[in-house]
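Here are my notes on this model, in the order I would go through them. Please keep the structure open alongside.

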Amino acid sequence: APAERAHHAAAAWGRHLVVFGGERGRGRLLADTWLLDGTLGGWSKLAIALPKGGRSRAAAAVSADLLLICGGEALVAGAHGATAPVRDCWALNLATPGALGWTCLAHADAGAGLPSLAGGAGGAFVSASFGALHDGHTLLVFGGHAGDMNGATRDQYGDARHGFCAPAHTWAFR
């Protein structure tokens, strides 16, 4: 069974519950993915971790066999356990996780990360969001925070007008 954790992402996949990442205390972020078989009741760990390291407060969504993990917080290199919001989106085929591994669909460094409330990479961005797939081609981002998780700036995403269009690998405001 997975270790105790908080701020993990979870989504349903057929008869399974998928649990990804989370944290085990300040600065101890997890990058593992677990499946709970809803029929048999047993846990199994996928043998592949997110290549960018641990992640907490991310959004999770599943469409067919594809698990999407978007946004959340990751460790800041050299900052002794400090975390910062990230604006990327990763996919993993749950039926064959070892075949292709995790694939980065959108990354802020490439200018295609999660949308920013203030605009640009330096502005506020999704930090704790909920994701859901619509029609198998669009990831809707709804809810969550922007800016400092400790409350300095806590703008809310309260509409479903931001969507990631997988075939074009672009974000759109709808």
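Two strands pair if DSSP finds at least two bridges between them. Helices (H or I, at least four residues) and strands (E, at least two) are DSSP runs, numbered from the N terminus. This is a predicted model: local features need pLDDT of at least 70, side-chain atom pairs count only at pLDDT 80 or more, and totals for chains, interfaces and linings use all residues. Residues are numbered from 1 along each chain as its sequence is written, and side-chain values use heavy atoms, with hydrogens and water left out.

1. Start with strand E1. E1 (residues 9-13) pairs with strand E2 (residues 16-23) in the antiparallel sense, over five bridges. Ala-11 has Val-18 of E2 as its bridge partner. Two residues lie between the strands of this hairpin, where Gly-14 takes a positive phi near 55 degrees. E1 also has two faces. Ala-9, Ala-11 and Trp-13 make up the covered face. Ala-10 and Ala-12 make up the uncovered one.

2. Next, E2 and strand E3. They run antiparallel and are joined by seven bridges. Val-18 comes up again here, standing opposite Leu-35 in E3. This hairpin has five residues between the strands, and Gly-25 takes a positive phi near 125 degrees.

3. How enclosed is E3? Here, buried means under 20% relative accessible area, exposed over 50%, and partly exposed in between (1.4 Å probe, protein chains only). Eight of the nine residues of E3 (residues 29-37) are buried, so the strand is largely enclosed by the rest of the structure.

4. E3 has a further pairing, with strand E4 (residues 43-45). It is antiparallel, over three bridges. Trp-34 stands opposite Lys-45 in E4. The two strands form a hairpin with five residues between them. In its turn, Gly-41 has a positive phi of about 85 degrees.

5. Now the open sheet. Four strands form it in the order E5-E6-E9-E10, with antiparallel pairing. Strand E5 (59-63) and strand E10 (103-106) stand at the edges, each with a single partner strand, so one side of each is left without a neighbour in the sheet. The twist averages 25 degrees from one strand to the next. For that angle, axes are lines fitted to C-alpha atoms (for helices over the stretch in contact), and angles run from 0 to 180 degrees between N-to-C directions. E9 and E10 pair over three bridges. Ala-91 stands opposite Thr-103 in E10.

6. Which cysteines are joined by a disulfide? A disulfide is counted as a pair of cysteine sulfur atoms within 2.5 Å. A search of the whole structure finds one. The disulfide joins Cys-70 to Cys-89, with S to S at 2.3 Å. Cys-70 lies in strand E6 (residues 66-70) and Cys-89 in strand E9 (residues 89-93), so the pair ties together parts that are 19 residues apart in sequence. Both Cys-70 and Cys-89 are buried.

7. Cys-104 is partly exposed, at a relative accessible area of 32%.

8. Last, His-80. This residue is found in the loop between strand E7 (73-75) and strand E8 (83-85). His-80 counts as exposed, at 81% relative accessibility. His-80 and Arg-26 are 54 residues apart in sequence. In space they are 9.9 Å apart, C-alpha to C-alpha.
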